[in-house]
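Have the model open as you read.

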Amino acid sequence: MVRDTGTEALARLAEERVDHRFKGLPPNADGLTVTELSAQRRNLFTGGFTTPVLALSAERLDHNLRLMETYATRHGLAFAPHGKTSMAPQLFHRQLTHGAWGITLAVPHQVRVARQFGIDRIFLANELVDPSALKWISSELDTDPAFRFICYVDSVRGVELMDAALRGAARPLDVVVELAAGEGARTGVRTEEECAAVADAVAAVGTLRLVGVAGYEGEVPRADPERVHAWLRRLTALAVEFDKAGRFTGFGLDEIVVSAGGSAWFDAVADVFAELPELSLPALKLLRSGAYVSHDDGHYREITPFTRVPEEGALEPAFRLWAQIVSRPSPEQAFANAGKRDAAYDLDLPLAQVVRRDGAERPATGIEVTGVSDQHAWLRTAPEADLEVGDWIGMGLSHPCTSFDKWQLIPVAEADGTVVDYIRTFF
């Protein structure tokens, strides 16, 4: 069926009832709809929320959305932020409202979620060879003329499998040849000669349509500005060569897709894509950074391009995980009731930031997270640490992708703790 813009599906989310499925939410909110709970504007600290609870800053979330919209516009980039970061349709639609061309995704389940919530433009940053998924996407394309779907192709074998699954489709599937970031990198075609062979294979079947080239510069081995810029120039040169060879003509295209851009090197993408010479058709210069929406207090804080181009602005970490001190066995040690089930820990441990007691908040001086168990954070406390059982501790997190996925319904709180919205995730 042809879906609406997602308004009805989002409205149904708002009518979902709060219950035991959603950790951290007030027990006395059971049975309320999300709309009813939002309307109460409860305070995160006094409104019955239980620890651990993850919250998003309303102000910082809005700031990050606006900043990347401005950045993409300033540099002439289309923007398809990677939705795998949040898997939150409400955030997808906010990203679209802030100028996004569409949403990038990684696997078929994520595409199904996006389609359920009315996303009309999807870039799948993977070669898709699962026949069931291909047939479903083909049916979506055949029944919805407004749906635009693009995915990677990185092998002749992949082309053969895709063609076999798609025979009989009314619309061809749009693909971009993925150029690998180098030997030993993740996915993608290793050489330009092999890229040409894959493009030839696409041209030989009627079920696929070559619309451009793409890749992921974050996989460049020993990445530094020089190496990343060099690889991006290989990518744009491949687009130029394909265009000169007529690989994009005769298929009814109105643009040529050139896509790259994770969250660590989008400044390099902007630099090199600005150098792209004029092609036979307009170029859709598609950036795919996704971690910006929440940013973080660890990995992405260190690697964000805004550290290299501070004049462009700065992202702000929007997550804070609140836990409670449940044990203080010695002057040097304490334990909080949040662990691996609640906090990202694959890149860095949570960062102790603030302590709350009796409505007052102060810096978490002398407190360090040294480890996480399933349900506990291990804290080392220096002599100057003022910490008691019952205190709330607010922690910053590293790596948005493995923070969102631990929470199904996330409160969005203003600076004073007033909760104004709830973000539903689908992992």
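Where is the place of Thr143? It sits in helix α6.

## Ground rules

This is a predicted model, in which local features need pLDDT of at least 70 and side-chain atom pairs count only at pLDDT 80 or more, while totals for chains, interfaces and linings use all residues. Residues are numbered from 1 along each chain as its sequence is written, and side-chain values use heavy atoms, with hydrogens and water left out.

Thr143 is partly exposed, with a relative accessible area of 38%. For the cut-offs, buried means under 20% relative accessible area, exposed means over 50%, and partly exposed lies in between (1.4 Å probe, protein chains only).

Along the chain, Thr143 and Ala170 are 27 residues apart, and their C-alpha atoms are separated by 9.3 Å.

## α6 and its two partners

Helices here are DSSP runs of H or I with at least four residues, strands are runs of E with at least two, and both are numbered from the N terminus. Start with α6 (residues 131–143) and α7 (residues 156–166): their axes come within 9 Å and cross at roughly 55°. Axes are lines fitted to C-alpha atoms, for helices over the stretch in contact, and angles run from 0 to 180 degrees between N-to-C directions. That makes α6 and α7 oblique to each other; under 35 degrees would count as roughly parallel, over 145 as roughly antiparallel, and 65 to 115 as roughly perpendicular, with the rest oblique. On the α6 side the contact uses Pro131, Leu134, Lys135 and Ser138, and on the α7 side Leu161, Met162, Ala165 and Leu166. Contact means heavy atoms within 4.5 Å. By class, that gives six nonpolar, one polar and one charged residues, where Ala, Val, Leu, Ile, Met, Phe, Trp, Tyr, Cys and Pro are nonpolar, Asp, Glu, Lys and Arg are charged, and the others, Gly among them, are polar.

Now for α5 and α6. Their axes come within 11 Å and cross at roughly 25°, so α5 and α6 are roughly parallel to each other. The crossing is left-handed. Pro108, Val111, Arg112 and Arg115 of α5 meet Ala133, Trp136, Ile137 and Glu140 of α6, a contact with five nonpolar, no polar and three charged residues.

## What α5 and α4 bury

In α5, the buried residues are Gln110, Val111, Val113, Ala114 and Arg115. They pack against α4, β3, β4 (121–127), α6 and β5 (148–153). After α5 comes Gly118, with a positive phi near 75°.

Helix α4 (residues 89–97) buries Pro89, Gln90, Leu91, Phe92, His93 and Gln95. Among the elements these residues pack against are α1 (7–14), α3 (58–74), β3 (103–105) and α5 (108–116). α4 is followed by Gly99, whose phi is also positive, near 90°.

## The whole chain

Zooming out, the protein chain has twelve helices and 18 strands. Its radius of gyration is 23 Å, close to the 22 Å from the globule rule for 427 residues, so the chain is as compact as a globular protein of that length. That radius is taken over C-alpha atoms, and the rule is 2.2 Å times the number of residues to the power 0.38.

The C-alpha atoms fill a box of roughly 70 × 50 × 35 Å along the principal axes. Of the 427 residues, 57% count as buried. Of the contacts with a separation of 6 or more, 70% come from residues 24 or more positions apart.

Terms used. A crossing is left-handed if the near helix is turned anticlockwise from the far one by less than a right angle, and right-handed if clockwise.
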